[in-house]
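I am opening a page for this structure and will write down what I look up, one topic at a time.

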Amino acid sequence: MSKEDEKQLSQEGIVDLEEPKKMTREDWRKKKELEEQRKLGNAPAEVDEEGKDINPHIPQYIASVPWYIDPSKRPTLKHQRPQSEKQREFSAIGEWYKRGVQDKSVATKYRKGACENCGAMTHKKKDCLERPRKVGAKFSGAGIAPDEHQQIQLSMDYDGKRDRWNGYDPDEHMRIVEEYSKVDLAKRTLKAQKLQEELATGKLMDQTEREHNSEDEDEDKYADDIDMPGQNFDSKRRITVRNLRIREDIAKYLRNLDPNSAYYDPKTRAMRENPYSNTGKNPEEVGYAGDNFARYTGDTISMAQTQLFAWEAYERGSDVHLQADPTKLELLHQSFKVKKEDFKEKQKESILEKYGGQEHLDAPPRELLLAQTEDYVEYSRHGAVIKGQEKAVARSKYEEDVLINNHTCIWGSYWKDGSWGYKCCHLLVKQSYCTGEAGKKTGNSTCVPFEEGLDDAEEEAPKTLLEMHQEKMKEKKKSKKHKKKDADSSDEEDEVKKKEKLKRALTAEDQRLKQVAEMMQMDERKRPYNSLKEVREPTEEEMEAFRMKRSRPDDPMASFLNQ
């Protein structure tokens, strides 16, 4: 390169990197006024090379291009935006993995570039997963394997990876809609058939009346399908709003500040028990007696049963609703109860006719037969009834608590010296007139019937002292004789008993010796344990039998004992 060319290049470079010319005062003032007008909104905003407005409040050092890059360029914000060449491209929302394997025709000849082992185009011989063939598909040309199905590689962003509807096919929803429409059509045809049958039998009203009311029915055609808040039976779609209270109402936890009173659950705002239970107040007189009291009183139970019947009837195809048509639902519920009872009666009668057993059903109740009930009764330690109903006292067939002749107690309430009487006056004469405390003081209880007194007087004659002394001496002699006889007889009985006990002990000792001999002949490993044998102190007879049966080795006659 010559020196002239170098000078020329240097001059061109200087021209390209020439600094912008200095603005005059007038141009500077105009520029500042235009910027102020743009900031106030009186002048249109400056436009960049892409035709987009530039915010006038952006500083100049951000919007303007540096003079050493390209002094001829207009102000722009392109360098502040994401660059397209640096942006990562993601898969579209409709792209997803292909489901199922495509049905492609299997090749019959070997193709160039395919696997030499199996003949598939999607992999090479070193990546082949088939068993290595003796003669590969390249040379044999037979048994060429189909190509593998290769899935596309999806590139998804943060939201795409977490999208729960990724890969969802909208045609699936159309299938569900078609299925439900078919079910709805089948229900309508069944309902039409039922109406035709009812019209044929005359159970339904005339067709003219039905046509007259058809207009009103068309207006409220879908009113029964609307679920009111709190009335939806499906737990997944429940929108119940409950436990809301007015600000003026007393909070449940403020009704009784005793910490041992009813439990209040702050999460569900429920207080099931009665908060005034410890105060002794009647639940019916209190303004609030717990959620359970309000839940199980009045018509709440019947209302719940009716609502349950409405849900079950709706599931079986009957268009009934508790709020929309309560009268129709109540009549339907009553007729259902009557039919149910009739069905139970017919079933019971058919079973009794087939198998019998009516006499067992006509038997008296179990309470009368066994004198037992399933009623729960709780008693205190003193015998008083705490919970439940006290057992009724059995009453007799005779009259009870009948007070006559001014008596305050019945006959038989007083007992003395083997005679019954009245407790109020201590009289022992039946059907006598009551004398009260005066009768107790006078001691009328000693009076006896007249005839009995005469018999006692005749029997008890007075005795002299000599006769009384002779009787005592006779009794003493008799007692001495009885004692001697008893002593002799008792000694004889004791000797007989001892002999019998000794015989029993000897037989028991013989049995024990036999068992010991058998045990000694057995193998040690097969001998049973004696841990469960009774251990007690032996009696005198058992010790005597042991001594008599014991074998002494120093006895010269020991060898002759068992002969």
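**Entry 1**

I note here that the model is predicted. Looking up the place of one of these residues, I found Leu 254 in the loop between helix H8 (214-219) and helix H9 (291-295).

I then compared Pro 266 with Tyr 253: the two are 13 residues apart in sequence, and their C-alpha atoms are 9.1 Å apart in space.

**Entry 2: helix H10**

Next I checked the length of helix H10, which has 16 residues (residues 300-315). At 1.5 Å a residue they should span 22 Å, and the end C-alpha atoms are 23 Å apart, which agrees.

Which residues of H10 are buried? I listed Thr 306, Gln 307, Phe 309, Ala 310 and Ala 313. They cover an arc of only 160° around the axis, and therefore they sit on the same side of H10. When I looked for what covers these buried residues, I found that helix H11 (326-355) is included in the cover. Just after H10, I noted that Gly 317 takes a positive phi of about 105°.

Asp 417 has a positive phi, near 55°, and is a residue other than glycine. Asp 417 is placed in the loop between strand S3 (411-416) and strand S4 (419-422), and at 72% relative accessibility it counts as exposed.

His 426, likewise not a glycine, has a positive phi of about 60°. The loop that holds His 426 runs between S4 and helix H14 (437-442), and at 23% relative accessibility His 426 counts as partly exposed, because that term covers values between the 20% and 50% cut-offs.

**Entry 3: the protein as a whole**

Last, I looked up the totals. The secondary structure comes to 17 helices and 4 strands, and of the 563 residues of the protein 11% count as buried. The accessible surface comes to about 50,300 Å², with 52% of it belonging to carbon and sulfur atoms. Among contacts between residues at least 6 apart in sequence, I noted that 33% join residues at least 24 apart.

Notes:
Residues numbered from 1 in each chain as written. Predicted model: local features only at pLDDT ≥ 70, side-chain atom pairs only at ≥ 80, totals over all residues. Heavy atoms only, no water. Helix = DSSP H or I, 4+ residues; strand = E, 2+ residues; numbered from the N terminus. Expected span 1.5 Å × (residues − 1). Buried < 20%, exposed > 50% of the residue type's maximum accessible area, 1.4 Å probe, protein only. Arc of directions from axis to C-beta. Contact = heavy atoms within 4.5 Å. Areas by Shrake-Rupley, 256 points an atom, 1.4 Å probe, with all protein chains shown as cover.
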